[in-house]
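This report is meant for a reader who meets the structure for the first time. Please look over the sequence and the model before reading on.

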Amino acid sequence: MIDRGGSRRDECEAGGEDAGRLEVSMGPQHPSTHGVFRMDVVLEGETVVRLKPVFGYLHRNHEKIAEQTTYLGSMPYTDRLDYFCSLTSNWAYALAVEKLAGLAVPERAEYLRVITAELTRLQNHACQMGFMLQDLGAMGTPMMYAFREREKILDLFESLTGSRMMCNYMRFGGCRADAPAGWIEAARGVVGDFPRFLDEYEALLATNEIVMARTQGVGVLPRDLAINASASGPVLRASGVGYDIRKTDRYGVYDRFDFRVPVGDHGDCYDRFMLRLLEMRESVKILEAALEQIPAGPVIDGKVKLRNFKPRAGEAYGRIEGPKGEIGFYLISDGSASPYRYRVRPPSLINLTALEEMCLGQKVADVVVILGSIDIVLGEVDR
Amino acid sequence: MLRRLVHCALCWTLSMAGVAGLYILAGAEFLGLAQLIVYVGAVAILIVFAILLTQRRELLSIERLTAGSWVTGVAVAGLVAGCLWIGLAYTRGLGGAGGASGGPALETRELGELLMGRYVVAFEVAGLVLTVALIGAVILALPFEQPREASGRRADRPAAGEGWDARRQGGQGA
Amino acid sequence: MITAHHYLAVAAMLFGIGLAGALTRRNSILVLMSIELMLNAANLNLVAFGRQAGWEQGSQAALWVMCAIAIAAAESGVGLALILAIYRHRRSAHLDESPPLKG
Amino acid sequence: MSVEGAGLIRGFIETGRNLVGSYVDPRRWVTVQYPEERRATPENSRVYPFLVYDGADPEEGLRCVSCKICEKECPPQCIYIVPAQDERGRPRKHPAIFDIDISVCMSCQICVEVCPFDSIKMDQAYAWDREDRFGGLLLHKADLARPNRYYRELHPAEARVVDEHLARERELRESGVRAAVRASLPGSGEPGGGT
Amino acid sequence: MNMEGILALTGWGGLRWVGPVELFERGPVWLRDWAVGWLPEGAKVWAEGLIPAVAVLAVFGLLFGLATVAERKLLGRIQNRPGPNRVGPYGWLQFAADGVKMLTKEDVVPRSADRVLHFLAPIVMLAPVALSLAVIPYGRDLVAADPRCGLLFFFAVGSAAEVAAFMAGWSSRNKYSLLGAMRAIAQMISYELPLVLSALTVVMMAGSLSLVEIVEAQSGYWWGVIPRWHVMTPWGLAGLLLFMAAAAAASNRAPFDLPEGESEIIGGFMTEYSGFKYAIFFMGEYFGMFAVSGLAVTLFLGGWQAPLAVLEAAPSYGWFFLKLGVMIAWFIWVRGTLPRLRVDHLLNFGWKYLLPLGALNLLVAMVWRGLGGWAFPGAGAVRWLACLAMIGLPAILWGRLLMRSRGWGPRVYRYAS
């Protein structure tokens with residue numbers, strides 16, 4: 001009755017002639033894969049028997065292009081990697097080049113970097129929760145609340161960096177422009193208002209029986225698999241590994257702020273969802289402290305040359321704790337104006353590799369929720 | 001082939017609804033609606049699902065719907081219907097008193113009292129039969145998993161090609 | 001005036017069609033449907049006589065029809081389960097090819 | 001004692017509060033009805049570049065000296081400059097052709113940073129709807145040129161700094177102390193940084 | 001011919017001055033009598049049937065349009081945005097624009113589809129639901145048809161929707177729509193039982209299957225203030241909640257809108273439909289919602305009874321449509337808040353939670369009737385609380401047991417050292 005359509009009949013035939021083995025391809029145009037991403041799911045009845053992620057639809061050859069353009073020329077392209085968190089990608093790239101060329105960053109620039117990075121984390125986590133609950137079927141309500149808050153943060157980015165999502169704000173040795181008059185007060189206002197949104201979200205969804213039923217025990221990522229698959233960020237911490245690069249590497253001025261790193265024990269979708277909620281509360285604490293202590297002073301190290309900037313030969317790996325996980329840039333310089341090798345460590349792609357293990361044995365409806373809980377952005381997956 | 005089968009099932013459902021209409025016209029409103037619920041609501045879906053679940057192989061071959069000796073079947077049916085019809089022609093005295101437009105219709109309250117009154121045993125037994133039948137049907141239809149051989153073929157199933165399939169393929173091979 | 005006669009005629013025709021279907025069809029599900037048709041023909045007779053006797057006394061007929069419908073529903077459920085079970089073994093729902101029930 | 005329905009009820013209260021709030025509380029009413037109402041764009045916002053000219057005549061007052069630094073530095077290579085030639089064929093310090101293909105430009109503002117003569121700045125007009133997809137979005141020198149007054153309106157703070165810097169430079173040039181000028185300037189090609 | 005009605009209607013009511021209240025109250029009935037009066041004897045019977053049918057379809061057709069706009073506006077307001085406000089005054093003509101769009105959209109029929117069934121499915125979905133609207137009493141004697149077993153008619157006709165869902169799913173010859181149809185049928189069948197069970201409680205207490213008599217049973221007031229609606233009794237309250245949960249599932253709405261689960265099987269059995277056929281499916285779903293909420297109002301909220309003795313003067317159909325509006329707003333509110341349930345949760349919730357509680361509610365109703373005999377002062381309050389406890393406590397404990405057995409519950413999180 002259910003004819004075994006789909007492109008690869010041989011694979012299903014090999015599995016023995018069973019009733020109702022159905023091959024569904026949740027294709028690139030599927031409404032709930034976050035961007036152009038395909039999953040070939042083999043179902044037996046409702047449960048997933050095999051899942052093969054297929055991506056590469058958004059591959060733009062970012063790393064090869066970076067080998068032809070100057071160091072500065074690649075900076076705007078890092079915005080387009082993970083288009084939800086352009087500032088953290090900028091910072092990771094700037095950090096890598098600063099390690100390569102051994103540049104120092106003035107105090108005010110470090111504070112501005114921390115503030116913008118934490119604001120990016122807030123709006124990214126809000127969006128992720130909105131998308132995930134949209135996949136769960138809540139008709140857009142959580143998404144709209146998340147976007148309402150995100151708009152305020154994007155307005156801050158626009159008045160600081162000039163563009164809402166493609167900020168291109170960090171330079172090697174500091175930030176491009178200083179905060180305009182009144183920006184710090186506006187940022188304090190937005191941050192002060194944020195906990196109200198978090199309480200609203202927690203009340204609306206955290207203890208909601210249907211959300212708990214749909215996400216608890218679904219898509220469990222065991223602790224050792226998370227470590228072996230080198231997952232990072234909320235996906236790793238939900239599986240019980242308390243690893244946060246802000247605490248281990250002590251980059252930027254994070255050691256001046258006291259914030260805690262929430263850790264989950266079950267490693268299922270509900271933990272990943274709640275972890276992001278708790279991380280947002282921690283980010284609000286960091287932001288309040290940073291906005292208080294930000295000193296005056298130059299925003300960029302004056303001696304750095306903008307054009308024909310040629311760092312000494314060598315290699316460097318700069319990484320930071322992005323909202324989706326550890327985003328890193330590995331550069332090999334041969335002394336010329338453009339890097340010899342330019343490699344991005346995309347947290348979305350690496351977290352995605354564990355997707356099949358999480359989905360085996362789950363229902364079709366859960367595949368979409370698990371994908372939502374990993375929080376991938378295809379720009380970063382395909383580069 | 002499958003298309004005609006599903007059409008059969010749906011037209012059958014329509015005829016059941018027709019019979020329900022007849023009941024209502026005959027004044028037994030409660031019966032008509034009960035028939036509508038039971039047949040159109042439940043049995044029709046049961047039959048259509050059964051058709052879908054058992055049509056895996058027949059999709060391809062276009063076989064005749066009727067068995068080999070269909071002529072005799074129709075003849076016998078015609079004979080029986082003929083006798084009924086003739087018997088009917090000679091009965092007299094079947095005046096009609098009731099009817100929706102005519103006399104008093106069946107009183108649902110009265111039917112209820114009867115069901116709960118004198119015939120409560122029949123009512124309970126009918127319920128019991130339904131439950132037992134339901135459980136039996138579920139057990140019969142449950143796909144129990146036997147241990148699979150290495151090749152993934154079920155242990156109890158004759159390997160492809162021999163046993164029952166061989167005879168059939170042999171028969172149609174030419 | 002619609003007398004019981006008319007109802008009985010329709011019931012007879014219905015029964016004839018049901019019987020024809022039961023005897024000629026290859027697919028066991030269609031046979032089951034034909035049996036249901038015959039059952040309904042019987043119910044129709046009951047209603048016809050109930051109506052003819054006027055529904056005060058005729059309510060026993062209605063009672064009969066209620067039980068008949070219940071039993072018919074149960075029967076079709078079990079019948080279809082049987083067909084499914086047979087189908088799972090013989091890969092086809094055709095009556096004339098099912099093997100004789102040996103041991 | 002968490003009753004099973006409590007989570008759901010809390011959710012209903014929240015959406016109910018938002019429903020009522022959207023009539024009462026401005027914070028819960030975020031929609032901007034675009035064509036009728038428009039939001040003020042912040043001062044630093046940037047969309048596509050434009051050329052600045054001093055004085056009245058867009059042709060003569062153009063600050064750009066066609067040094068082609070921005071053409072080299074632009075990551076997506078969307079600027080095309082051909083320097084003008086005087087009667088004897090020697091290139092003049094003035095662009096004959098200055099095209100920017102704004103369908104390629106990703107408004108990354110690197111051209112503004114690297115331009116040593118502050119001749120290219122970022123505009124804030126975002127409604128670039130054109131019928132002709134190929135030629136329509138290729139802006140020529142005439143479309144790009146804007147008076148310095150327009151620039152001062154768009155980015156007042158930044159414009160003030162640039163104007164002081166240019167005025168000081170012009171002053172030193174008039175007073176003929178070229179060496180002093182070069183020594184006092186911090187680094188080369190640094191457009192004076194922010195305030 | 002109702003002379004008095006005619007005089008009143010034509011306004012100059014020479015014989016008897018008719019108050020505006022009575023005019024509104026009796027108006028529709030006089031209008032019908034006046035219209036029927038003009039017809040020859042033979043056509044009178046037809047007119048008696050046709051006029052209410054046309055009236056019901058017109059009213060609910062318009063209500064369908066307004067409900068779609070109301071849904072989008074209310075959902076918008078929940079999400080802090082205005083909802084449609086461009087077409088017509090404040091956006092209320094949006095449904096006309098949608099209608100025209102649906103009409104002009106090209107009606108794509110898949111090549112391998114079974115044309116006849118593909119065409120019939122929307123009709124078989126919409127017709128029975130429209131039929132079931134005929135049974136609900138909208139006003140003092142404003143009911144299209146009042147068969148003796150009206151409630152049974154409602155459920156008998158409503159059960160044809162499963163066949164229509166199957167026809168739609170199967171005839172589009174598409175893997176996804178077949179899966180969607182299967183899910184929709186499983187859901188409708190498994191939620192028909194709790195629906196019937198909670199309606200049964202009301203039938204037992206009201207003693208009649210006819211909806212008009214059920215509404216009559218809810219007239220009158222306790223102490224002149226609290227209306228004797230069934231919802232005021234504990235078993236009525238529990239019955240209404242059960243009924244609304246089962247109704248949401250039976251009409252594929254709100255947390256149970258699984259068949260057209262966009263994120264999984266897109267569009268369910270309606271995937272292969274476009275143009276006006278899709279609009280008819282859409283209308284079928286809304287009519288299903290109206291029918292079910294109309295029934296809920298009739299069974300539990302006293303149909304067209306006024307909430308306060310003082311307000312008796314207002315036209316009775318006004319109260320009915322007011323309560324219907326409240327019910328529709330509740331459906332929309334639920335749709336804006338709750339995420340979707342998964343298939344097995346849906347079925348477990350139906351069979352393991354709603355059904356036992358429905359049966360328990362039947363028992364509680366019997367106990368409520370049994371305790372009626374108490375005479376000591378304060379008996380009413382004690383009786384009320386006792387029955388409430390009898391149905392409330394098991395509901396909470398049973399729910400918790402189901403949740404705990406699967407390990408669902410709020411969690412406390414630790415922080416890394």
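## Surface of chain B

How much accessible surface does chain B have, and what share of that surface belongs to carbon and sulfur atoms? In this predicted model, the accessible surface of chain B comes to about 9,800 Å², and carbon and sulfur atoms account for 72% of that area.

## Fold of chain B

The secondary structure of chain B consists of 6 helices and 0 strands, so that, read from the N terminus, its elements follow the order α-α-α-α-α-α. Of the 174 residues in chain B, 33% are buried.

## A helix pair in chain A

In chain A, helix α5 (residues 107–136) packs with helix α6 (residues 141–161) at an angle of about 155°, and their axes are 9 Å apart. Because angles over 145 degrees count as roughly antiparallel, α5(A) is roughly antiparallel to α6(A). The crossing of these two helices, α5(A) and α6(A), is left-handed.

On the side of α5(A), the residues that make the contact include A:T116, A:L119, A:L122, A:A126, A:G130 and A:F131, while α6(A) contributes, among others, A:P142, A:M143, A:F147, A:R150, A:I153 and A:F157.

Notes:
Residues are numbered from 1 along each chain as its sequence is written. Chains are lettered from A and ligands numbered from 1 in the order in which they are written. This is a predicted model: local features need pLDDT of at least 70, side-chain atom pairs count only at pLDDT 80 or more; totals for chains, interfaces and linings use all residues. Side-chain values use heavy atoms; hydrogens and water are left out. Helices (H or I, at least four residues) and strands (E, at least two) are DSSP runs, numbered from the N terminus. Buried means under 20% relative accessible area, exposed over 50%, partly exposed in between (1.4 Å probe, protein chains only). Accessible areas come from the Shrake-Rupley method with a 1.4 Å probe; for residues, only the protein chains shown count as cover. Axes are lines fitted to C-alpha atoms, for helices over the stretch in contact, and angles run from 0 to 180 degrees between N-to-C directions. Angles under 35 degrees count as roughly parallel, over 145 as roughly antiparallel, 65 to 115 as roughly perpendicular and the rest as oblique. A crossing is left-handed if the near helix is turned anticlockwise from the far one by less than a right angle, and right-handed if clockwise. Contact means heavy atoms within 4.5 Å.
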